[in-house]
Amino acid sequence: MRLSKDIVIGSIVFLFCVSLFPAIKVVATYPYIADLVEKVGMEKVSVKSLSRGSWDPHTIVPKPSLIAKIRTADLLVINGAQLELGWLPALLNQANNSGVMPGKKGFLDLSNYVKLIQTPTNVSRAGGDIHPAGNPHFCLNPDFIPELARAIADKLGQLDPANNSFYRENSRSLDKAWKTQLAGWEARIAVLRGKKVIEYHRNMDYFLERFGMEVCETVEPLPGIPPTSRHISHLIEKVKHGDIILILHDVYHSKKTSAFLSQKTGIPMIVLPHDVGAVEEATDIFSLHEEIISRLCK
Ligand SMILES: [Zn+2]
């Protein structure tokens, strides 16, 4: 009798400990991915992001603390499309965690589930363009978000088959809530359909294309290449008599050149968030898209 009582108490303690320590340890390269994993995995996962939303996603500083996060992970979820090319390979080499290397069960590349735009027409992209595989900022196409959530649910289900239906149900709930929001966003932004903008870096192209807006020029001559005074003079001449309504800037490049262009042309400049956490209002994937719509429609 005494023995069975000990077994019952032991079992309760064991179950309590299991509930305290989630089953799957996930590392995401960017905050928007961590948010999607949390929304799909809920209490069954613990998620860490390797970067902050206010950072330049192309150039994350590879600190030892990031290596430690990868070393103990069960699953690594990346954006892909070479957005992490400049910083993740070195971290992966040093983390020595074979389970989360590309091609392994504990690895998920979200770019495999979307259609990229601005893909190269030739193998040589001379001049140092940092979008060599096409535009990697696809998380700002709202149509892709349910697809990405589904891909995450499938992967979590592979790693944790006992909770497969839980992940799928959460993904379906997200899909439903997302489509409700999207209908509202489409109605609000309809007035901007056909409008033209200038962009500093090609962060917003998926979003703008989705809602029928057009990027006429970029302040960077090529993605990742800082503007020269000659390029800016050319831009001022080209756009000052045009019908461009806004200059779009991001949170991590210096605003100096975009502000100068705005002053010379009279075209207003606004700052848009590109990831969860880029501005304080963008606390998750929903409010990220909401904030972009709000700032564009102001
Ligand atoms: Zn970029």
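A: A cavity is a set of points, on a 1 Å grid over the protein atoms alone, where a 1.4 Å probe fits but cannot get out; lining residues have an atom within 4 Å of a point. Grid points are joined across faces, edges and corners, and a volume is the space filled by probe spheres set on the points. This is a predicted model: local features need pLDDT of at least 70, side-chain atom pairs count only at pLDDT 80 or more, and totals for chains, interfaces and linings use all residues. Residues are numbered from 1 along each chain as its sequence is written, and side-chain values use heavy atoms, with hydrogens and water left out.

Q: How many cavities of 30 Å³ or more are there?

A: The count is two. The largest has a volume of about 80 Å³, and its lining includes Tyr30, Asn79, His137, Cys139 and Asp275.

Q: Which residues are the protein donors of the zinc ion?

A: His58, His131, His137 and His201, each through NE2, lie 2.0 Å from the zinc ion. Donors are N, O and S atoms within 2.8 Å of the metal (3.2 Å for Na, K and Ca); water is not among the atoms, so sites may look incomplete.

Q: What is the spacing of the donor residues in sequence?

A: The pattern is H-x72-H-x5-H-x63-H. His137 and His201 are 64 residues apart and link distant parts of the chain.

Q: Is His201 buried or exposed?

A: His201 is buried, because its relative accessible area is 2%; buried means under 20%, with a 1.4 Å probe and protein chains only.

Terms used: Helix = DSSP H or I, 4+ residues; strand = E, 2+ residues; numbered from the N terminus. Buried < 20%, exposed > 50% of the residue type's maximum accessible area, 1.4 Å probe, protein only. 1 Å grid on protein atoms, 1.4 Å probe; cavity = no way out; pocket = protein on both sides within 12 Å on 5 of 7 lines; lining within 4 Å.
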